[in-house]
Amino acid sequence: MTTRAADPGKQTVIYDEVATAVATPPAAMNASGDLWVTLADLTRATRFALKPQGVCRDELCFPLPKNRKTAFLRPQGKTNWFNLSEFARLLHQPVAREAETWYFGERPEVQNAFVGSLTAPDFTLPDVNGKPHALHDLRGKKVLLITWASW
């Protein structure tokens with residue numbers, strides 16, 4: 001994981017395995033339990049940008065539902081805030097929060113790309129002795145991976 005900026009007292013967004021400190025919105029906006037970020041932080045943390053056709057990153061654009069625009073955008077003073085957690089719900093992107101850190105999982109189109117190619121995404125995990133092993137180090141070999149989760 002890469003860290004772009006880690007300022008104490010700010011929220012942190014982990015998106016595409018990159019941690020980015022983002023501005024904390026006014027208290028009234030935090031009451032919803034959603035993550036509101038400035039438009040500049042949206043681009044800095046996710047590489048998505050608000051454009052007339054929707055929220056876009058490179059050639060990928062997601063139009064915002066016109067009847068729910070206030071669920072995504074809210075002006076406060078001179079700053080326009082964007083509801084990043086609502087955007088994740090729109091994309092069916094998993095989100096987890098621990099205190100002031102928000103983690104965004106892979107978007108469905110990224111997850112589905114792995115299924116289409118039948119190539120497992122690369123990852124590194126420690127063995128029982130703590131030695132890290134990367135999946136790419138085992139290319140060409142048969143691998144039995146046993147996982148468990150509590151959820």
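Predicted model: local features only at pLDDT ≥ 70, side-chain atom pairs only at ≥ 80, totals over all residues.

Residues are numbered from 1 along each chain as its sequence is written, and side-chain values use heavy atoms, with hydrogens and water left out.

**Confidence**
- The protein chain averages a pLDDT (the predictor's confidence in each residue, from 0 to 100) of 86, and 93% of the residues score at least 70.
- Among the chain's elements, α2 has the highest mean pLDDT, at 97, while strand β1 (residues 2–5) has the lowest, at 50.
- Helices (H or I, at least four residues) and strands (E, at least two) are DSSP runs, numbered from the N terminus.

**The nonpolar core**
- A nonpolar core is a set of buried Ala, Val, Leu, Ile, Met, Phe, Trp, Tyr and Cys residues joined through side-chain atoms within 4.5 Å; buried means under 20% relative accessible area, exposed over 50%, and partly exposed in between (1.4 Å probe, protein chains only).
- The largest such core has 20 residues, and Val13, Phe82, Leu84, Phe87 and Phe104 touch the most other members.
- At least two residues of this core come from each of β2 (11–15), α2 (39–46), α4 (84–91) and β11 (101–104), with α4 giving the most, at four.
- Beyond its neighbours within four places in sequence, valine 13 is in contact (heavy atoms within 4.5 Å) with residues including Leu35, Ala45, Leu84 and Phe104.

**Helix α4**
- Six of the eight residues in α4 are buried: Leu84, Ser85, Glu86, Phe87, Ala88 and Leu91.
- Just after α4, histidine 92 takes a positive phi of about 60°.

**Threonine 12**
- Threonine 12 sits in strand β2 and counts as buried because its relative accessibility is 19%.
- Setting aside neighbours within four places in sequence, threonine 12 is in contact with Ala19, Thr20, Ala21, Glu100, Thr101 and Trp102.

**A three-stranded sheet**
- β5, β6 and β7 form an open sheet in the order β5-β6-β7, with antiparallel pairing (two strands pair if DSSP finds at least two bridges between them).
- Its edge strands, β5 (49–51) and β7 (60–62), each pair on one side only.
- β5 pairs with β6 (residues 54–57) over three bridges, and leucine 50 has valine 55 in β6 as its bridge partner.
- α2 lies across β5 and β6, running at about 125° to β5; axes are lines fitted to C-alpha atoms, for helices over the stretch in contact, and angles run from 0 to 180 degrees between N-to-C directions.
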